[in-house]
Amino acid sequence: MTATIVFQQAINGVVLGSLYVLVALGLTLIYGVLVQINFAHADFVTLGAFAAYFFMHLVAASYILSIGVAFLVGAALGWLINASIFTPLRHKGNELLPLIATIGVSVMMQNLMLAWFGPIPYAFETQYSGQVIRFAGIFVSWQNVIIIAVSSLTIALLYAFMKFTFLGKALRAVSQDRETAGLMGINPNRLIMLTFVIASALAGMGGAMLAPVLVLTPFAGTSVIVKAFAIVIIGGFGNVEGTILAGLIVGLIESFTTQFLDPGLIDIVVFALLLLMLAIRPTGLVSERREENV
Amino acid sequence: MIKVLRALFVGVAAIGLLATSPAAQAQDKTIKIGALFPMSGPGSYFGAQDKQGVELALEQLNKAGVNGYKFVVQYEDSSCGPLPATQAAKRLLEQFKPDVIIGEECSDATLAVMPVIEQAKVPLLNAGSSSIKVTEPGNPWTFRIMPNEVMQGVNLADNAYKRINARTAVLLFENTNAGIGNAQVFKENFTKQGGKVLAEIGFGRDVNDFTAIATRVAGLGQVDVIPTYTLEGQGLKITQALAQAGVTKGGGGNAIQIGTIWLPFGFEQKAGKAALGYIRIVQFDPTETRDLVRDFNAAFKAKYSADPTHLNAHAYDQIMLIADVVKRGGKDAQSIRDGLAATKNWPGVTGSVEFDKTNQNTKMDTVHYMETKPDMSWTSLKWN
Amino acid sequence: MSDPALAQPWSNRRTMLLSRWICYVIATLLIIVLPLIFNDTYWRTNLTICAINVLLAIGLDFILGYAGQLNLGHSAFYGLGAYVSTLLIVKLGVPFWMAFVCAIIFAGLAGIFLSLFAVRLRGHYLAIASLGFAVIVHQILLNWISLTQGPLGIYGIAPPPSLVIAGVVIADFRNLTAFFYLVSGFTFLSFLLLKQLVCSPIGGTLTAIREDEVSAASLGINAAAWKVFAFGVGAAVAGAAGCFYASFVGTLVPDAFFVSESFNILAMVIVGGMGTLVGPVFGAILLTLLPEVLRGIGDLRLVVYGAALTFVVLFMPGGLAQAARVVLARLGLGSHS
C-alpha cells in the first residue's frame, strides 16, 4: 500500500465530502432556523441538475449560466414549498406533519421527474468534467476542484453573511428564539422564507455542479439524501461548522472503506457511526447549546 | 328515382358487407401475447425499449398476419421486483389469458413469475435475465433466447485468457443478482484456467463517484483485464474514473475493460476516449452485415429515428420467434410451447436460436464481441 | 393530534361498545366473503397483501400514533421478520410456526433496540436515527450474502404447512383463500389485541407520553419503559407481517425492505388517520388497492401516492378517520343528536 494511494484516497474523500456538504448545507440551514426537515431537499438538487442540463442543451451552452438557472429554480422551489407546506403547518405546532408532507412531495417530485425525463441516465459533460489535474502521481478532475472551490466560497460567504450583516444576525436571532426576535421588530416569517429560499437555491446550484459527477437520473437525489441527513446529525443539526466537518469525515470514511474493505459496507459504517453519535453525543460533533428535545 | 338508386346502393353495400364479414371474421384469429416488462421505477429503462421492439415487430407482422393469425400484445408493468411481477403476471393470466408471455428483464422478477406462469400452463419466453437459475433447474414452460451468465462468463474468461493473454483480473460489479452472478462465473472460469483475480469489488446502485474504486484498482499492481458488470449510468462513471486513474488504455494504462451486455450503442459517445479498447459482449451487433440485421436497423431507424439497442432487438426477436412458431402450426399455449421447444436454427437479429433440453438457447452466435476503436466506433471481433 | 376518546360521536358507552361489536361482526363477515366474491388469483393476491399491509400499519400506528414516537424504520422490523423466519426454515429446518414465533420475538427485540434511542431522543433526531437503523438493516441483508443470499435472493419459500387435525386436512395454505383467511385472521386478532391495549389504562399512559412527556413524568409515568413497550409490540407485529410476506410471495430479496417501504407504511398510517388504529386499517387497504386500480397510468400512480400523502397532511391531517367523523357528524350521527 503506497503512500500515493493513501494520499489519493484522502483527496478522493475530501472531494466526496464536499459533494455531500453541498447538499447537506441547505438542510442544516433550514433546520437551524425552522427546526424542520425538508425531505424533498435532495430532489431539489436533482431538479437543479436537470434544469442545468436542459438549459445547456436547449437554450445556451454556457455552464455558468446553467448554474445560475439551477440556482433560480431551487429558489423558486424553496419559496413554493415553504409557502404551501411549512407556513400553513407551522400554526398546528406539530413537528411531524411537515416532515411527512415533504416525504410526499419527495415521492411526487421523483416520479414526476421520472415521467418527464425518463429513467435513462443523462450524461452531463462540461468542459471541466473530462479534464484532470495531475501532480506527483495524484489526480483530481477539474470538475471536482470546482466543486470544492465553490463549496468553500459558498460557506465563507454564508459565514460572513450570518456574522456580519444585519439580515444574518436577524436570522440567528430567529433561530435562537423566534418570539423574542419578533419582539425585537424582526419579521420571523419573512426571514424564514428567506432562509428557505437561500437554502433551496443552494441546493439547486449544488445540483448543477454535481450533475457531471452524479449518475443523473430522477433518483440521483435519493442516493445522496440519506447520507446528507446522517451528516447533518453527526455534525449537529443547524450547525454549519459541524456539517462541514461531518461531511468531510463521511467522505473520508467512504473512500477509505472502499480502499480497505468493500464499497458495499460504506452505508453500514456511516450509519453505525450515526447511531453511535446519537447514542453518545446526540447534539453532534460541534454542538451549539440548544434547548432541544434531546 | 334518386331515392331508389340510393336504397339500391345501400342494399348492395349491405349485402356486400355481409358477404365479406364471415371471411373477415375468419381473418380475426389472434395470438395473444402477454408482455411483462418494467414500466415504472428505475427499471422502466428496459420496459420502454422492449415496447419499441415489440411494436415494430407487430407492425411488420400484422400487415399480412401469419397463417391467418394476427398478433395482439397486452403490456403489464412488473416493475423489476418479485411481488409486483407476480401481481402483474396474475393479472395478465386472469384477465387477458395470453397464449404466450414474454418477459421479464430482471432475474428476480423472472424467477418469481416462473412458477405462476408454469402453473397456468402458458409458455414464458425470456430474453433479459441472465441468472442461470432461470433455466438450469429445467422448467418445460420457460424458454430463454439470451445466453445465460454461465455461457457468457465461461466464454469471456476463455477469451480473456487465450486471446488477450490476460493473467490478472479485477472484478467490478453491481450488487445485484445479475452483477454478482456474472462476476462469480467469470472468477471461477478464469482461475480454473490459471488466471488470478486480484480483487472483487461490488458496489450498490446508489454509488455515484468511482474515483475511490478506481484508485484502489490502480494500487493493485499490474491488472490485465477488468471485467465490469453494471448498467449504463454507473458504467459510464467507472470507465471515466478508470481512465482518470490511469488504469485503462483510455487513460494511458494497460488494463482492458471487458464486460457484458448492458452498455448500449452510444456509450462510447458519452464516455469519450476513456472507453478506448473496451471489449465487451453485446447481445446485438448492429454492424452485422446479414440482411436480416440491416433490414431491422433500417426499419427501426425509420420508425423511431434512433439506432436500435439490444433491448429493442431482443423484444423484436421474441415476437418474431413466436410468429415463426405460429407459422409452424402453433396456435395456443400448448402448441406454442411445443413449437418453441422444437425450434431449430432459427435466425434472429440477435443470433440464432435453438433450445437445449433445459430450454436454454445454446447458440453461441448470440454472443458478439465488440471492441472500441480510437475513433469511438465499434468493431466486431468475430470471436464466435 | 386529536384525542380519539373525545372524538367519539356516541356519548353513551354502551352504544359505543355495541356499535363496535357490530363493526367487528361486519368485518368478520367481509373477511370470509371477500375472497369468495373475488375469485381470481389476482384479486385474492391483492386482498392478502392488503391484510399484510394492515398488520404493518396498525403496528406502526401503535408506535407513532399512540406513543408518539417518530419511527421511520418500520421496514427494518418487517424485513427482519421475513428473513429470520425464512432462514430458520430453509437453513435449519425449523418448523414453520416455531420460526414464526422466533421471527416475532426477534423483530420485537429489534424494536426494543431502536427504542433505546427513542428513550434518549425525540422528534427529528429519532426520525433520522430510525431511518439510519432501517438503512443499516437493509444493507446488512444485502451484503451478508453468505447468510441471507443478498441480492441473489431466496426462492421457492413454501407456504405454511397444511393444518391437519386427526388426519383431516382443515386448511391447505397453498390455496390462496385459505392463506388469506390465515393472514386476515391473525391481523384481526392483532387489531383486537392492540385495541384492547389502547382502550385500557395503558393507552392513556402512552398518549400522555405522546402529548407531553415532561408532564407525564411528573405523574410518575416511566416514559422510558413505556416507549420500550410500544416499540417492542409494534415491531413484533411487523415481524409477523414479514413472515407472512415471505411465505406468501415465495421469493425474498432485500430490496423489498428498502427504506422507501417505511414511507409507504407511514403513508398508510397518516392517510388513514394516525392515532385511531382503525384509520390505518383503511389507509392500508386504500393505499394497497389504489396503485393496482391505477395500474393503467404507469409512473403517474406513484405521483398520486405522493400527492395523497402531501394533501392529506395539509388539508386533513386526521386522515380518513377525520373525514369519516366529519361525514358522520354531518349526517347527524354526531354527539349533538
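## Working through a two-chain model

In chain B, strand β3, helix α4 (residues 107-119) and strand β4 form a right-handed β-α-β unit. Right-handed here means that, with the strands pointing away from the viewer, the path from the first strand over the helix to the second runs clockwise. Helices (H or I, at least four residues) and strands (E, at least two) are DSSP runs, numbered from the N terminus.

Before you start: this is a predicted model, where local features need pLDDT of at least 70, side-chain atom pairs count only at pLDDT 80 or more, and totals for chains, interfaces and linings use all residues. Residues are numbered from 1 along each chain as its sequence is written, while chains are lettered from A and ligands numbered from 1 in the order in which they are written.

**Exercise 1.** Work out which strands pair with β3(B), and whether its faces are buried or exposed.

*Solution.* 
- Step 1: look at β1 (residues 29-37) of chain B, which runs parallel to β3(B) and is joined to it by 4 bridges. Pairing takes at least two DSSP bridges between two strands. Here I33(B) sits opposite V100(B).
- Step 2: go to β4 (residues 124-126) of chain B, also parallel to β3(B), with 2 bridges. I101(B) has L124(B) as its bridge partner there.
- Step 3: check the faces of β3(B) (residues 100-103). V100(B) and I102(B) on one side, and I101(B) and G103(B) on the other, are all buried. Buried means 20 or more other C-beta atoms within 10 Å of the residue's own, with C-beta atoms placed from the backbone.

**Exercise 2.** Describe the fold of chain A and say why its radius of gyration counts as compact.

*Solution.* 
- Step 1: count the elements: chain A has 11 helices and 2 strands.
- Step 2: apply the globule rule, 2.2 Å times the number of residues to the power 0.38, with the radius taken over C-alpha atoms. For 294 residues the rule gives 19 Å, and chain A has a radius of gyration of 19 Å, so it is as compact as a globular protein of that length.

**Exercise 3.** Find which element of chain A gives the most to the side that touches chain B.

*Solution.* 
- Step 1: size up the contact (C-beta atoms, placed from the backbone, within 7 Å). It takes 28 residues from chain A and 27 residues from chain B.
- Step 2: list the elements of chain A giving two or more residues: α1 (3-34), β2 (138-141) and α10 (240-260).
- Step 3: pick the top contributor, α1(A), with 5 residues.

Conventions: Contact = placed C-beta atoms within 7 Å. Buried ≥ 20, exposed ≤ 12 C-beta atoms within 10 Å, placed from the backbone.
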